[in-house]
Amino acid sequence: MRHVLVLAGEKMTHLPTKVTTRILAEVIDRNERRYGASMPALAAMITQKYRHDHALTKRHMQDILAAVAMKNHGNGALNPYAQFQKPITKEKYLESKLVADPLRVYDCAPITDGAAALILSADPGPVKVIGMGQATDTIAVGRRGSLTSFNSTKKAAKRAYQMAGIGPGEIDFAEVHDAFTTFEIIGTEDLGFFKPGKGWRALLEGKTALHGPKPINPSGGLKARGHPVGASGLAQIVEIYWQLKGDLPAERRVPQARIGLAQSIGGLANNNFVTILERADNRRAGPESVAAVYQPTITDPGKMALKREFPGHQGRLITYTTLYATPEGFPTPLTMGFVKTDRGKVVLAHHSGHHYPTIGQRVVLTNPNGLLLFKKFTI
């Protein structure tokens with residue numbers, strides 16, 4: 001084949017939010033879904049763990065998440081194809097409702113109708129694909145070796161960088177999968193743009209702004225451009241093409257962009273893709289040693305939990321959230337968390353008891369109605 005049309009689309013707004021949420025949740029691990037774990041719930045627990053591991057206060061984490069949302073809505077305001085074309089203020093962000101603590105409405109990508117298309121050609125054009133990578137991880141979030149980075153992104157990025165013969169430092173800008181604001185921070189770290197735990201600092205310093213040294217999501221990202229799930233990944237690549245071709249208005253264009261990267265997440269980061277595009281007229285000195293510039297740490301998956309082992313056992317709370325927009329059939333609000341038992345297994349459980357949970361506290365598990373419950377361990 002010499003010329004191939006690639007087309008993607010999704011229609012989502014014709015269904016109620018609860019129904020759409022339930023459909024999207026079908027890609028979540030069956031056992032975690034049994035506890036009412038939705039995409040926002042899992043993303044919120046990842047956010048809480050990131051905050052804890054990097055010693056960020058709740059107020060500081062809120063400022064970081066707000067900064068991602070404001071940046072991307074500001075970029076979306078310049079994009080005529082974005083779903084949301086108005087910037088937001090810090091006050092407006094704080095006024096939005098909690099979806100799953102600490103994530104608010106403005107931390108979550110919207111329900112969107114949209115489509116994207118491109119033509120791949122064997123004939124020379126203004127932009128070429130120079131690197132691609134794809135990788136998977138366990139579907140169960142609780143089985144992963146880390147909650148604050150995604151192995152699937154790291155492996156996909158390594159393959160794409162190796163194919164392109166470049167490292168993260170040569171990427172001029174990127175479209176990063178920000179289905180939740182935290183995922184943009186984690187994505188920039190997993191892609192090697194910033195060290196682990198430092199992506200938030202780069203954001204607050206303006207490094208990922210549209211006219212900063214490493215612009216992230218000039219389109220507005222999934223957060224403001226919109227997230228028509230089946231089309232979002234291709235829409236990222238369309239944006240990279242437009243930016244590299246240079247036909248965009250000056251206020252929306254990444255200055256002197258030569259190489260762009262798109263990172264797309266499938267499921268809850270268990271099937272990720274990285275694609276690198278370059279202007280055809282770009283002149284590079286030659287492939288550098290990618291091994292010297294991008295050596296991500298890949299974490300081993302955790303041990304699978306067996307239900308019969310856990311009632312009455314003790315462990316430590318790894319992370320938690322209170323979900324305010326619960327799936328159908330679950331009470332609102334619903335507090336859940338991942339617990340690492342003294343046997344080294346990780347399980348998802350609902351919270352019971354009068355003490356509000358804190359990460360790291362000792363807890364005891366019970367199983368009165370077929371679902372695990374955790375509460376603070378007291379003697």
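Visitor: Is aspartate 53 buried, partly exposed or exposed, and what is the relative accessible area?

Guide: Buried means under 20% relative accessible area, exposed over 50%, and partly exposed in between, with a 1.4 Å probe and protein chains only. Aspartate 53 is partly exposed, with a relative accessible area of 37%. This is a predicted model, in which local features need pLDDT of at least 70 and side-chain atom pairs count only at pLDDT 80 or more, while totals for chains, interfaces and linings use all residues. Residues are numbered from 1 along each chain as its sequence is written, and side-chain values use heavy atoms, with hydrogens and water left out.

Visitor: With which residue does aspartate 53 form a salt bridge?

Guide: Side chains of opposite charge can pair when their charged atoms come close. The criterion is a side-chain nitrogen of Lys or Arg within 4 Å of a carboxyl oxygen of Asp or Glu. Aspartate 53 pairs with lysine 49, the closest N and O atoms being 3.3 Å apart. Lysine 49 counts as buried, at 19% relative accessibility.

Visitor: Where do aspartate 53 and lysine 49 lie?

Guide: Helices (H or I, at least four residues) and strands (E, at least two) are DSSP runs, numbered from the N terminus. Both residues belong to helix 3 (residues 39-53); because they are four residues apart, about one helical turn separates them.

Visitor: Which salt bridge links distant parts of the chain?

Guide: Aspartate 113 forms one with lysine 11, with 3.5 Å between the closest N and O atoms. Aspartate 113 sits in the loop between strand 3 (103-104) and strand 4 (114-121), and lysine 11 in the loop between strand 1 (3-10) and helix 1 (17-24), 102 residues apart.
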